[in-house]
Amino acid sequence: MSSITATQYQVAACGTAIFPKETALAYLTLGLAGEAGEIANKAKKLIRDGDNADKRQEIGKELGDVCWYLAVLAEELGMNLGKVMEDNIEKLSSRKARGVLGGSGD
């Protein structure tokens with residue numbers, strides 16, 4: 001099993017990014033939403049038609065596409081994906097500690 005860090009992934013993903021820079025924010029945001037929608041649609045079909053390894057594998061491929069858009073969007077915004085992830089875990093840990101993980105938390 002191989003694994004890379006979020007930062008390594010972000011660098012590699014950005015190395016494959018080809019899109020119109022003048023509309024980067026819109027392009028990447030729409031791409032991210034589209035890929036998330038594909039996950040939702042595949043999950044819906046998994047629920048409707050039954051669960052199996054092939055369907056889960058297909059969802060996994062879409063998760064990879066979401067990761068790509070997320071990493072490249074973070075780069076376009078001048079953010080390190082690893083730091084974004086770290087900050088999110090800190091926020092969620094704080095909510096858990098305060099007993100507000102299930103609510104708005106803020």
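Visitor: Which residues does Arg56 touch, not counting residues up to four places away in sequence?

Guide: In this predicted model, Arg56 touches Leu46 and Asp51 once residues up to four places away in sequence are set aside. Arg56 itself lies in helix α3, and its C-alpha atom is separated by 21 Å from that of Leu70, which is 14 residues away along the chain.

Visitor: Why is Arg56 called exposed?

Guide: The relative accessible area of Arg56 is 52%, and the word exposed is kept for values over 50%, so Arg56 is exposed.

Visitor: What makes Ala24 buried?

Guide: Buried means under 20% relative accessible area, and because Ala24 has a relative accessible area of 4%, it is counted as buried. Ala24 lies in helix α2 and, leaving aside its neighbours within four places in sequence, is in contact with Phe19 and Glu76. Val11, by comparison, is 13 residues apart from Ala24 in sequence and 17 Å apart in space, C-alpha to C-alpha.

Visitor: How do you know that α2 is roughly antiparallel to α3?

Guide: Two packed helices are described by the angle between their axes and the distance between the axes. Helix α2, residues 24–49, packs with helix α3, residues 53–76, at an angle of about 165°, and their axes are 9 Å apart. Since angles over 145 degrees count as roughly antiparallel, the angle makes α2 roughly antiparallel to α3. The residues of the contact of α2 with α3 divide into 17 nonpolar, 2 polar and 11 charged, and α2 passes α3 in a left-handed crossing.

Visitor: Which pattern does the protein chain follow, read along the sequence?

Guide: The protein chain follows the pattern α-α-α-α, with 4 helices and 0 strands.

Visitor: Why is the protein chain described as more spread out than a compact globule?

Guide: For 106 residues the globule rule gives 13 Å, whereas the radius of gyration of the protein chain is 16 Å, which is well over that value, and therefore the chain is more spread out than a compact globule. Along its principal axes, the C-alpha trace spans about 40 × 40 × 30 Å.

Visitor: How many of the residues in the protein chain count as buried?

Guide: Of the 106 residues, 21% count as buried, and Ala24 is buried as well. As for contacts between residues at least 6 apart in sequence, 68% join residues at least 24 apart.

Conventions: Residues are numbered from 1 along each chain as its sequence is written. This is a predicted model: local features need pLDDT of at least 70, side-chain atom pairs count only at pLDDT 80 or more; totals for chains, interfaces and linings use all residues. Side-chain values use heavy atoms; hydrogens and water are left out. Axes are lines fitted to C-alpha atoms, for helices over the stretch in contact, and angles run from 0 to 180 degrees between N-to-C directions. Helices (H or I, at least four residues) and strands (E, at least two) are DSSP runs, numbered from the N terminus. Angles under 35 degrees count as roughly parallel, over 145 as roughly antiparallel, 65 to 115 as roughly perpendicular and the rest as oblique. A crossing is left-handed if the near helix is turned anticlockwise from the far one by less than a right angle, and right-handed if clockwise. Ala, Val, Leu, Ile, Met, Phe, Trp, Tyr, Cys and Pro count as nonpolar, Asp, Glu, Lys and Arg as charged, and the others, Gly among them, as polar. Buried means under 20% relative accessible area, exposed over 50%, partly exposed in between (1.4 Å probe, protein chains only). Contact means heavy atoms within 4.5 Å. The radius of gyration is taken over C-alpha atoms; the globule rule is 2.2 Å times the number of residues to the power 0.38.
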